[in-house]
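Welcome! Take a moment to look over the model below, and then let us walk through some of its parts together.

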Amino acid sequence: MKMRKVAAMTGLAGVLLAMGMTAAQASAVTPSAGDLSASVIDDYMRDYVERTGLPGATVAVTKGEQVVHVAGYGHTAGGETITKGTPMPLASLSKSFTALAVLRLADERKISLDAAVQTYLPEFTMADPRAAKITVRQLLQQTSGMSDQSFPELTLAAPDTLKDAVGMLRTAPLAGEPGTKMAYHNPNYAVAARLVEVVAGVPFADHMAANVFRPLGMTSTATVNTTSDLPGRGAGYIRAYGQVVERSQPKWFVNGGAGVVSTADDLARWLIAQNGAGGVLPEKILKTAQSASGVAGSTYGMGWSEGKTDGGARRLQHTGWLLTHNSVQTLLPESKYGIAVVTNTGMISGDDALLITNDLIDVVEGRPVAGAAPFTMSADLWLAGLSVLNLGLGILGVYRARGWARRREGRAAWRVIVRLLPYAPPIVFFFGLADLIGFVMNRAGTLEQITYVWLALYVWAATAALAAAAVVVSRFVHLVRARGARGRAGETSGPRETITSRA
């Protein structure tokens, strides 16, 4: 996923931050500015783990053809010590590997990047006839016109194979004209992987092993179909209220777009190759993959995004998110550094990999290390207080509901309804929270997934909705009872008056 999505999601916390929250920072090891070294990285990582509670991570740093440092820190969700040889899920970093597989086939003239996908993959059909115009290049540059808006894949049951993943698109429309706009969408890379599988005539995982991983010396790297096939079934951690909480990873289909599993050792080899060192990969392939598409507003190439560091240097980067892991790979072409970080904390609430990467880039560029920590480490404390306040106000509102109903006896129904309307927004906000976050991130999701993405936000919204609903229901119940009692009293007094009058 792209950097702007991290910024957008952080912006969702703006209202809370305006009430006094700041990015969680603590006294941190401040390495001297300049070249990274194994000792500097080690000291920094140990400090980061200690002050943030990060459960586990792998780090690979290279410079030119040299490996600066590869290491593991902490432990997996299964309790195993993480080393430089521990396999970790790379999430969306996988897209750059899939792109390389396609580009190699193009270099061998087995496919043309500008030919329609259906030329090689007739099974790729969609409900929109414009899909016939989608090219291989557009898949890799995410400009195919496919989008979460038209096919919300993460809200659907996960398929088991690449063929099934492509088959699911048959009923999906396009969100736009192919080639006109970039929209980040994992199925682009599932289709690309299936194309590789069909053209090569072997399973995608076998082709990747023989033609991408082994030629680069990545003997401990593989690609899998679903998160259920990941080490430990993808289990990791989320951050909540200053703690890390172990969570399982729901079943997602990931092959092609997010299915690669690798080690720090192998990632170092990957970074060296992607930096063009040693001539391992043809310069033409690297330039094609790492250059932005040229589509208006897009910085995305083929599994890489172009950007600038805080120091103004060119930066090539790709982030990766699962609900239980996050990752970043970065190339700094001017200084020839490569940095890859994978952590076993989930998206948004624990974007540790990006924070670590940014701090290491600060060292390279001679800036003091900020010592930042995930914003939820402080934001969640405010949300916890607000959640308790929600419950307190809800209890108070329920307690006072009888008096409120008594004071409104005999009033017109519409006036009562108007008085209850202010309680509707918290309920609407909670049930629309998935759509709101989906809009900010340009990714469709579910309420259940928000318990991973930002549990404290979910709890805050849920307690507000619960409190509002409880007050409305209790007021309504007391109002109905009061009116019922008044009606029964009227029925009783009526006959008595009649008997008295006759007497």
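Buried means under 20% relative accessible area, exposed over 50%, and partly exposed in between (1.4 Å probe, protein chains only). Thr 357 is buried, with a relative accessible area of 0%. This is a predicted model, where local features need pLDDT of at least 70, side-chain atom pairs count only at pLDDT 80 or more, and totals for chains, interfaces and linings use all residues. Residues are numbered from 1 along each chain as its sequence is written, and side-chain values use heavy atoms, leaving out hydrogens and water.

Where does Thr 357 sit? Its place is in helix α12 (residues 352-364); helices (H or I, at least four residues) and strands (E, at least two) are DSSP runs, numbered from the N terminus. Leaving aside residues up to four places away in sequence, Thr 357 touches Gln 317, Val 328, Thr 330, Ile 339 and Val 341, where contact means heavy atoms within 4.5 Å.

Now for the sheet. It is open, with 6 strands in the order β2-β1-β11-β10-β9-β8 and antiparallel pairing; two strands pair if DSSP finds at least two bridges between them. The edge strands, β2 and β8, each pair on one side only. Between β8 and β9 there are 4 bridges, and Ser 305 has Gln 317 in β9 as its bridge partner.

| Helix | Lies across | Angle |
|---|---|---|
| α3 (residues 38-52) | β1, β2 | about 20 degrees to β2 |
| α12 | β1, β9, β10, β11 | about 25 degrees to β10 |

Elsewhere, helix α10 (residues 264-274) is mostly covered, with 9 of its 11 residues buried.

Conventions
Axes fitted to C-alpha atoms, helices over the stretch in contact; angles between N-to-C directions.
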